[in-house]
2 protein chains.
Amino acid sequence: MTATKATTYAPVTEAILGELRALVGAKNVLVDEEKIEAYSHDETDAAEYGHMPEVVVMPATTEHVAAVVKLANREHIPITPRGAGSGLSGGSIPLYGGILMSLEKMNKLIELDVDNMVAVVETGMVTNDLAVYVQERGLFFAGYPMSLQTCAIGGNIAENAGGGKAVKYGVTGRYIQGIELVTPTGDIVQLGGKLSKDVSGYDLKSLVVGSEGTLGIATKAIIKLIGYPTAKADLLVLFKTPREAIDVVPVILSKGLTPTSIEFMDQLSIITSCKYLNESLPYEKAGAMLLIELDGTNAEQIEMDLIAAGQLCQEHGAIEVYVAEDRNNIERIWNVRRNIAEAFKIYSPIQSLEDIVVPISRIPEIIPKLDVLSEKYHVKIPCYGHAGDGNLHATLVKDPAMSMEDWKKNEVACLRELYKITGDLGGKISGEHGIGLKRKKFLKEVIDPVELGLMQAIKKAWDPNNIMNPGKIFDLADA
Amino acid sequence: MTATKATTYAPVTEAILGELRALVGAKNVLVDEEKIEAYSHDETDAAEYGHMPEVVVMPATTEHVAAVVKLANREHIPITPRGAGSGLSGGSIPLYGGILMSLEKMNKLIELDVDNMVAVVETGMVTNDLAVYVQERGLFFAGYPMSLQTCAIGGNIAENAGGGKAVKYGVTGRYIQGIELVTPTGDIVQLGGKLSKDVSGYDLKSLVVGSEGTLGIATKAIIKLIGYPTAKADLLVLFKTPREAIDVVPVILSKGLTPTSIEFMDQLSIITSCKYLNESLPYEKAGAMLLIELDGTNAEQIEMDLIAAGQLCQEHGAIEVYVAEDRNNIERIWNVRRNIAEAFKIYSPIQSLEDIVVPISRIPEIIPKLDVLSEKYHVKIPCYGHAGDGNLHATLVKDPAMSMEDWKKNEVACLRELYKITGDLGGKISGEHGIGLKRKKFLKEVIDPVELGLMQAIKKAWDPNNIMNPGKIFDLADA
């Protein structure tokens, strides 16, 4: 854990604690080091990025949230919102101490409005709780990420989370029709509504989505639902090289087929995950695989699309096409995909899980460059991820034999080079995990200063005292 | 045309004209009253909203645009961007005179990148030119509005245009992956890219979409394409009452069927359009109709979905379900839908074409209230539009016998009441046409001052001299 940084923020005094207890109830204000330690980190490396809050506040209502923000703004105390703490970029870490506001008690479904096909939820709700609830009623929240078992809706909104279904369904933002926002000055405002179109002024809702909690605290969300896709089928397609695998992606998409997912795994990822799971995908001859999922409401339609997709793959260089239509086989294959990160953790628990995004046609150019980086910096870099939208988890994995000092040095240099390569290919450094704390210093190096200035101008205009999740995405000192 | 408003802006002097000619070439700078008159209005009532520019500038490159904006910003001259001038809210009218910047010469397709399924275009390109070009190559720009024959991509972006296909495909913004923006201070910045996901900082691209040219001038756009849907079929469904017609919409959507369109027409709209076209839809018994279109790549799939949708309608109170699968019949029915506004223009050319948007479940509540308003203010209010997304063209039509003075008074009072009702139902005053000039005074009355303040804060931060399309959406004097 890093030392407290010098700031101009006011400390959380006993008087402030008294005010907080009066505002949200004493039991919802935590100061014991033991209890608040869990709020000092997310899923990034705690040793490197973790930082202790001065106090954890657990509001039960939007009015609580607003009252605490007003206090923080008045007193110049930093405030960091947190959903489930499952983030991968340090977005919910209280970098400057101050108030950590956990939304964990605001975790309820407020309304399922079937006529308008929306759910209204408190943003502390665990994404899976919503997904299961609506699925039992034949409905589908299509915007959920891979981590839906643990993540909260608020975090999904903050990072505009993607995931394995984004090729067909898009990312979280497409399903957010409304946000109740507590602004950095403590006002409550309703953005959007139960509406699928709206040009009555600027689209502030879409600005808030993906702003990583720096523009206010989303306390409620109106989430668009669609009909639950009852039919599903998967193809596992083997290719000799990553290039051949990737080249087939636009072919499929341009034929009007819209797979739910087109996941890509390189040989290193497949082998490592298969060994970890004692699984036996036919990886020997395959330099890369695509896992293509189709879903819908009509099994016959899915069948037809599956055949069409399989044929396209065969016409475009696939070595082998396996169809998995039963639940059991589909689960086996997805299990390999899902466990890649975990499998590498067994090899070495120290990793830098990345999520660069490039135009899909450029993915093949990334692969050989990863090999060069891997050799140059003595790190393994398995590559897997969402080929259908160009979002790749090219993950740096520390060699267990390497010293921590060397790893840190090599990690930073390798990431810097990776991000430079990504930018040169027309890509961005994060497709779904966010910049947060972890990628802040790198964003500064690759972003157009004009674009950064426009972002900072909004931040300053909305949060004049810079109390709302400060130090994330960018520092205002850069301005 | 209204008199020039008192402003604090600097006039376009001979010296400025000289500078403009040097920047973009003399032939691209128009000052003749005859020539610039066409740029003084859009598709709103010219007599009420029109205003003459001092000069029309037609840049050929982004660098031209940036140079002119830098000059305007330095000299405090208002600048109004314009695409095709087909807007319905006065967004491209140079309210304060100054420079009208027409993008008409920046109308080229720059690149069709099939591998990444995107087109890169200059924003002055006519939407239909893009649509036709990509369709000939088996691709589809799904975000286009009803007016695609005449409108420009830049206007679609400025208003986040919707249209008849938004139920399935969403509005323009979903297809805008990147924008080249000239900021109000004349900087050129690339937002987004050939990427379908990106959380590398705030989503400025989505903020610019729908901002009606007040946050800068979009000079290029990266547009996501999808496979062209080769199969299409339509249902025309008759209901006794609007309520029964509307009640079936969420039933269809919740079954996982995703029609391209669910268009709604009340009896007054149908009768008027049919009489105008000498057409013979079976409207006598029908208080309302739904026109449901399905599209896709597989005719058999469309057939199955069409049958399913028809059955749902019959189970939920439809009097009659007509299937139109051949091109000729589909065109006949759509022709009735498309000609409603035109038909009422024959009855009376003076109208206020509205595009309120409400949660779809609330549409039936709107209908009887329109009848009350119609009687109270002595205006006809046919109601038709995009039921599948709650966006209704409840259009005030002047009785030819009414004096202009009475019409103006009644129009304003009736709109005010209509917008109030819309807001009370959880709706917004514009779903796809924008606020512009026409709805500015009304937006102020219905919007939460906190939300308005957040918008104004962004505008001030990005456009400190308020030169970029000033006087649209809101006035900064309200701040």
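This is a predicted model: local features need pLDDT of at least 70, side-chain atom pairs count only at pLDDT 80 or more; totals for chains, interfaces and linings use all residues.
Some ground rules come before the tour. Residues are numbered from 1 along each chain as its sequence is written, and chains are lettered from A, with ligands numbered from 1, in the order in which they are written.

## Two copies and their relation

How can chain B be laid on chain A? A turn of 180° and a shift of 0.0 Å along the axis do it, with an RMSD of 0.0 Å. That is the relation of a two-fold axis. The copies are superposed by least squares on the C-alpha atoms of residues with pLDDT of at least 70 in both. The copies meet through the same surface, because 99% of the interface residues of chain B are also interface residues in chain A.

## Where the chains meet

On this interface, 81 residues of chain B are in contact with 80 residues of chain A (contact means heavy atoms within 4.5 Å). The chains bury about 6100 Å² between them, and carbon and sulfur atoms give 63% of that area. Buried area is the accessible area, found with a 1.4 Å probe, that two parts lose on being put together, summed over both. In chain B, Lys197(B), Val199(B) and Tyr202(B) lose the most area to chain A, together 16% of what that side buries.

Between chain B and chain A there are 22 residue pairs in polar contact, both residues being at pLDDT 80 or more. A polar contact is a pair of N or O atoms within 3.5 Å; within protein, one must be able to donate a hydrogen and the other to accept it, and residues adjacent in sequence count only if both atoms are side-chain atoms.

Which element gives the largest share of the side of chain B that touches chain A? It is α17(B), with nine residues. Helices (H or I, at least four residues) and strands (E, at least two) are DSSP runs, numbered from the N terminus. Ala457(B) lies in helix α17 of chain B, and Ala457(B) touches Ala461(A) and Trp462(A), not counting residues up to four places away in sequence.

## Inside chain A

Chain A is divided into domain 1 (6-104), domain 2 (109-227), domain 3 (231-341) and domain 4 (348-437), with bounds from an automatic or database domain assignment. The contact between the domains takes 15 residues from domain 1 of chain A and 20 residues from domain 2 of chain A. The centres of these two domains, taken over C-alpha atoms, are separated by 23 Å. Domain 1 and domain 2 of chain A bury about 1300 Å² between them, 63% of it on carbon and sulfur atoms.

## Salt bridges

A salt bridge is a side-chain nitrogen of Lys or Arg within 4 Å of a carboxyl oxygen of Asp or Glu. The rule finds six across the interface of chain B and chain A, and one across the interface of domain 1 and domain 2 of chain A. Here are two examples.

| Salt bridge | Closest N and O atoms |
|---|---|
| Lys428(B) with Asp198(A) | 3.2 Å apart |
| Asp187(A) with Lys70(A) | 3.7 Å apart |

Notes. Side-chain values use heavy atoms; hydrogens and water are left out.
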